[in-house]
Every structure is written in C-alpha cells, then in structure tokens.
Amino acid sequence: MDSHTDTSPGRGARLRVPPLLGAAVLMAMSAAGPGFITQTASFTVLYGASFACAVVVSMIIDVAVQLNVWRILGISGQRAQDLASKVFPGAGQVLTVFVVLGAVVFNIGNIAGAGLGLHNLLGLDSRIGAAISGCLAIGIFLAKSVFTAVDRVMVVLGLVKIALIIVLVAVTAPPVGQAVVGTVAPHGLPFLPILTLIGGTVGGFITYSGAHRLIDSGITGVGNLKRINRGALTGILVACVLRIVLFLGFFGVVATGVHLANSSDAAGSSFLAAFGSVGLHLFGLVFWAAGMTSTIGNSYTTATFLQSYAAPVRRHFNRAVIVLIGLATIVFIAAGQTPQSMLVFAGAINGLVLPIGLGIIMWVALRRRDLIAGYRYPKVLLGVGLAAWLFTAYAAVESLTSIGSIFH
C-alpha cells in the first residue's frame, strides 16, 4: 500500500484511534519530542525557576498559533503550501523550502534522540540505536493500513512518555511556588531559550502536522468547525501538560542543588539523580519514545509539503516518507554530531521559520475570506494570532546572531 489516504482500521485491530484524535496526538507528540526534552533540561540547569517563564510563553504562543492554523487550513481544506500559493505567487514554494530545510535538520535530531534513548536504555552505541530506530520507523510506513499503524504507535508511545514523566514529577517533588515566581518575575532570561523552545514545540513542521493530518482525514469545511476546534484543543492540552510536568520534573532535581551535566546529557543526568542507576534506563525509554514519535510526525508532514511540487511523492507517498527517515538516519550516522547540540540547533532553526508561515495564515484570516468559504473570522482569534506573529518575528530577529553560540 502506497497511498497516504488509507485510514481503514484493518482486520483484527485492537486499538482504534479516531482520525480526529490521531491528528491531535500527532501534533502533541511531535511538539513534545526529544528537542523539547533536551531544551527543557539544558535551560532549566542554566536558568532554574526563571525558565518557567519561557515554558509558559511557549504555551501561549502554541495556543495562538495552533488554533489559527487548524481553523484556517481546516476550513479551507488546503494544506499550508497550497493555500500560500493562492495568497502570493511563489509563497507556497518558499514556505515549503523553509519548512523542509528545518524539518530535515530537526529529523536528524529526532533520530539522534532515538539513538541516545536506546544508548541509555540498552547500552547500545547511539549510532546503532539510531539505525535500529530508523528501521522501526520505516517499518510503520510499510504497513497495509499506514494511518492506523501511525495512530496506534503515537498513542502507545505517548502514553509511555506521559506516565514516566509524571512519575519523575512525583519523585522529585518540585517547589512549585518558586516556579510560579520565576514565571512572573524571571531573572536573566534571554530570547534564545524562548525562541528555541517555541521552535522545538510549535515551529517548523510541527505547526502544520496536526492540521495536515486533519485534511488527509477529510475533516474540513465550515461544517466541521466544531470538530476542528476540538482536535486543536485536544492536541494543545496534551502538549501543554507535557511541557509543564517535564519542566517541573527537571526543576525538582535542579532545586535540590544536584549538578547536572549540561554540556552532554542534562536530561539523562536528571533521571539518574531522581531514580538512581535505573533512572538512565527510564530516561532512555522516554527519550526513545520521543524520538520515534517526532521522527514519524516530521517525516509525514515533510512529505505532505513535498507532494505539491513532486509528482513521485504524490504517487508514492509512503515511499517518500521512508526515504526521508532513511536520509535522516544515514546523515546522523555519518556526521556524528552530538545529539544535544543538534536538537537545540534544530529548535532554533524552526523558531526562525515560524513567523513566515504564520504570517501567511493570518493574512488569509485578514484579507482573503474567499479562501475560507466567506467565513467571518473571530476578532479574538485574529488578535491573538497577530500578537503571536509579532512576538515570534521579533524574537527570531533578536536571536539570529545567537544561534551559532549553541555549538560553542
């Protein structure tokens, strides 16, 4: 089977995931991938309670972006690049180039994260772990009912992630009061952590993963507006809960005064401090699950962009996804870049891409009602969307000169 429109449950299916939930989970699990875990651990070590402000800002931006993207793309029934081309000639191609470039870098980081996860879980070399993870991800897109397989894997791995992170919070018992103070009165928090966190949780391909999955499921048009909103809110809620509990788990370790190895594996060090020697294995499982879900979401979404301009991708969608997974795996194995720096860098790149796509989406809401069936766009959503665009554009410009420092 090589058509990405197959959503049949198949015979003997034990877990049926409704398409709307599948779209929400795809977005949420992609948003809480290894990039976010790495960023949260690294920046929590550097900024402590003040980093809570960056987490909250990223959540606010996420709500503003996703509610607008899901609504505009869902009502129009068109993917982001196709809608962009109808707004400004060539805009779809430009958006695709930026999204794909960011996604390719990010996917190398995803595979790196999965490899690091298996290193901690089973003691494998991270490159061997990446190779195994890449093969497993490819196997999902060889299934007869691809969307059914993708939805099941995302839900199961997502549950594993959530459960273990909640256990981390329970064990570390973080000082929530300090985190609240850090949220409203942060000290010494620059733009780079905010930008990279936004880039790793809502920027680049993540912006469109859920909405594109929604369109592939046929849930489009004004008549499906309630379902579109429900899917967006479900995905946002799950992603936000994951952000909060993961930060609190790491902050709980940092608040005890334990020194974490920020330069190499801060996330793994925090699990080690919380659980002892078994903590590294638990972290490995969390990080591997995060790497796998983000690899799947990234590769699928990247292919949905490429299919508008490459006939072979349209005809052989699943094979195109497999090629993207294989490419990311090979590049990581050959490059040997450290997983942590690569993941943080990818988040920063995605943060720079975000204002471009969101700007086009908001222009449709403002000036092109003909593309959304004459729908009168709510002023509140329009206002928060424009505010989010202004913030991401300003943060991206301010942080352009800072991205190179990630590798120093």
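Let me start with Phe 141, which touches Val 146, Val 150, Ile 296, Tyr 300, Asn 318, Val 321, Ile 322 and Ile 325, leaving aside residues up to four places away in sequence. Contact here means heavy atoms within 4.5 Å.

Before going on, a word on the model. It is a predicted one, where local features need pLDDT of at least 70 and side-chain atom pairs count only at pLDDT 80 or more, while totals for chains, interfaces and linings use all residues. Residues are numbered from 1 along each chain as its sequence is written, and side-chain values use heavy atoms, with hydrogens and water left out.

Back to Phe 141. Together with Ile 37 and Leu 73, Phe 141 touches the most other members of the largest nonpolar core, which has 120 residues. A nonpolar core is a set of buried Ala, Val, Leu, Ile, Met, Phe, Trp, Tyr and Cys residues joined through side-chain atoms within 4.5 Å. Buried means under 20% relative accessible area, exposed means over 50%, and partly exposed is in between, using a 1.4 Å probe and protein chains only. Helix α3 gives this core its largest share, 15 residues. There is also a second, separate core of six residues, and among them are Ile 111, Ala 112, Ala 130 and Ala 328.

Now the overall picture. The protein has 17 helices and zero strands. Helices (H or I, at least four residues) and strands (E, at least two) are DSSP runs, numbered from the N terminus. Of the 408 residues, 59% are buried. If we take contacts between residues at least 6 apart in sequence, 85% of them join residues at least 24 apart. Ser 30 belongs to helix α1, residues 19–31, and is buried at 0% relative accessibility.

Next, charges. Side chains of opposite charge can pair when their charged atoms come close. How many salt bridges does the structure hold? There are four, where a salt bridge is a side-chain nitrogen of Lys or Arg within 4 Å of a carboxyl oxygen of Asp or Glu. I will go through some of them.

One joins Asp 216 and Arg 79, at 2.4 Å from N to O. Asp 216 is in helix α10 (residues 206–216) and Arg 79 is in the loop between α3 (51–76) and α4 (80–87), so the pair ties together parts that are 137 residues apart in sequence. Are these two buried or exposed? Asp 216 is buried, at 10% relative accessible area, and Arg 79 is buried too, at 16%.

Another joins Asp 151 and Arg 213, with the closest N and O atoms 2.7 Å apart. Asp 151 sits in helix α7 (residues 146–172) and Arg 213 in helix α10, so this pair ties together parts that are 62 residues apart in sequence. Both residues are buried.

A further one is formed by the side chains of Arg 368 and Asp 370, at 2.9 Å from N to O. Here Arg 368 is partly exposed, at 21% relative accessibility, and Asp 370 is exposed, at 53%.

Let me turn to Ser 76, which is in helix α3 and is buried at 16% relative accessibility. A polar atom of the Ser 76 side chain lies 3.2 Å from the backbone nitrogen of Gln 78. Leaving out residues up to four places away in sequence, Ser 76 touches Leu 83, Leu 371 and Ile 372.

Two residues have backbone angles worth a mention. Most residues other than glycine have a negative phi. Ala 173, however, has a positive phi of about 45 degrees. Ala 173 is in the loop between α7 and α8 (176–184) and is exposed, at 57% relative accessibility. Ala 373 also has a positive phi, near 60 degrees. The loop between α16 and α17 (379–399) holds Ala 373, which is exposed at 62% relative accessibility.

Last, the surface. The protein exposes about 15200 Å², and carbon and sulfur atoms supply 68% of that. Accessible areas come from the Shrake-Rupley method with a 1.4 Å probe, and for residues only the protein chains shown count as cover.

Methods
A polar contact is a pair of N or O atoms within 3.5 Å; within protein, one must be able to donate a hydrogen and the other to accept it, and residues adjacent in sequence count only if both atoms are side-chain atoms.
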